[in-house]
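Visitor: I would like a walk through this model, with each label set against its rule.
Guide: Take a look first, then ask.

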Amino acid sequence: MGSISYSNAIIPRLDINKERYCSIANGLSFIAGKHPLDTISTSSFIYNPNFYIFKDVGIKQIEKPYTHTPRNHLIPPSPPTIFENDVYVCTNALLKLRITLYTGCVVAQNAIVTKDVPPYAIVGGSPARILKYRFNESTIKRLLELKW
């Protein structure tokens, strides 16, 4: 977490990069991990080694023996979620992983953000959409030149 940034939310992830002057309200959540959709089952027994009961079971329906495939081979690790500078995330926002909240943006209360948020945009809704920009285009350009 960068200088002067703070969070009132518990952020249980290590793959989040937060730059300077970010303000994060209570209730921040992230859309849960993705289950594989192209395997015989979406259940975590396909990739979770804790399901040893299935380790050597043959699956007659597809006439192949079951083999454990580690999760990182089915679902590659995701790049970090990035909060650039001066980002404000309001109460109970829900974010998709691997997105970027660009400098100066605001995520409204209860928004469900599924894609990157442009600099100085205010987004809200489900799924979140741009409601307006905090400043006009020339002011945004000047602010981005500050490079925080």
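**Labels and their rules**

Visitor: Where is Asn8 found?
Guide: Asn8 sits in the loop between strand S1 (6-7) and strand S2 (16-18). Strands here are DSSP runs of E with at least two residues, helices are runs of H or I with at least four residues, and both are numbered from the N terminus.

Visitor: What makes Ile24 a contact of Asn8?
Guide: Contact means heavy atoms within 4.5 Å. Asn8 touches Ile24, Ala25 and Asn26, leaving aside residues up to four places away in sequence. The C-alpha atoms of Asn8 and Thr91 are separated by 9.3 Å, and these two residues are 83 residues apart along the chain.

Visitor: What kind of model is this, and how are residues numbered and values taken?
Guide: This is a predicted model: local features need pLDDT of at least 70, side-chain atom pairs count only at pLDDT 80 or more, and totals for chains, interfaces and linings use all residues. Residues are numbered from 1 along each chain as its sequence is written, and side-chain values use heavy atoms, with hydrogens and water left out.

Visitor: How do you know what confidence the predictor has in the chain?
Guide: From pLDDT, the predictor's confidence in each residue, from 0 to 100. The chain averages 83, and 78% of the residues score at least 70. Over residues 54-62 the pLDDT is below 50. That stretch has 12 contacts in the model beyond near neighbours in sequence. Where pLDDT is low, the predicted coordinates should not be read in detail.

Visitor: How many helices and strands are in the chain?
Guide: The chain has two helices and 14 strands.

Visitor: Why is strand S13 called largely enclosed?
Guide: Buried means under 20% relative accessible area, exposed over 50%, and partly exposed in between (1.4 Å probe, protein chains only). Four of the five residues of S13 (residues 121-125) are buried, so the rest of the structure largely encloses this strand.

Visitor: Which residue in S13 is the bridge partner of Val107?
Guide: Val123. Strand S11 (residues 106-107) and S13 run parallel, joined by two bridges.

Visitor: What makes a set of residues a nonpolar core?
Guide: Its members are buried Ala, Val, Leu, Ile, Met, Phe, Trp, Tyr and Cys residues, joined through side-chain atoms within 4.5 Å. The largest one here has 23 residues. Val107 is among those with the most contacts inside it, as are Leu28, Phe83 and Leu95.

Visitor: Why is the Asp86 and Arg134 pair called a salt bridge?
Guide: The rule asks for a side-chain nitrogen of Lys or Arg within 4 Å of a carboxyl oxygen of Asp or Glu. The pair stands at 3.2 Å, N to O, so it qualifies. The count by this rule is one.

Visitor: What does the Asp86 and Arg134 pair tie together?
Guide: Asp86 lies in the loop between S7 (81-83) and S8 (88-89), and Arg134 in the loop between S14 (128-133) and helix H2 (137-145), so the pair ties together parts that are 48 residues apart in sequence.

Visitor: Is Arg134 buried, exposed or partly exposed?
Guide: Partly exposed, because its relative accessible area is 33%. Its contacts include Asp86, Gly104 and Tyr120.

Methods: Two strands pair if DSSP finds at least two bridges between them.
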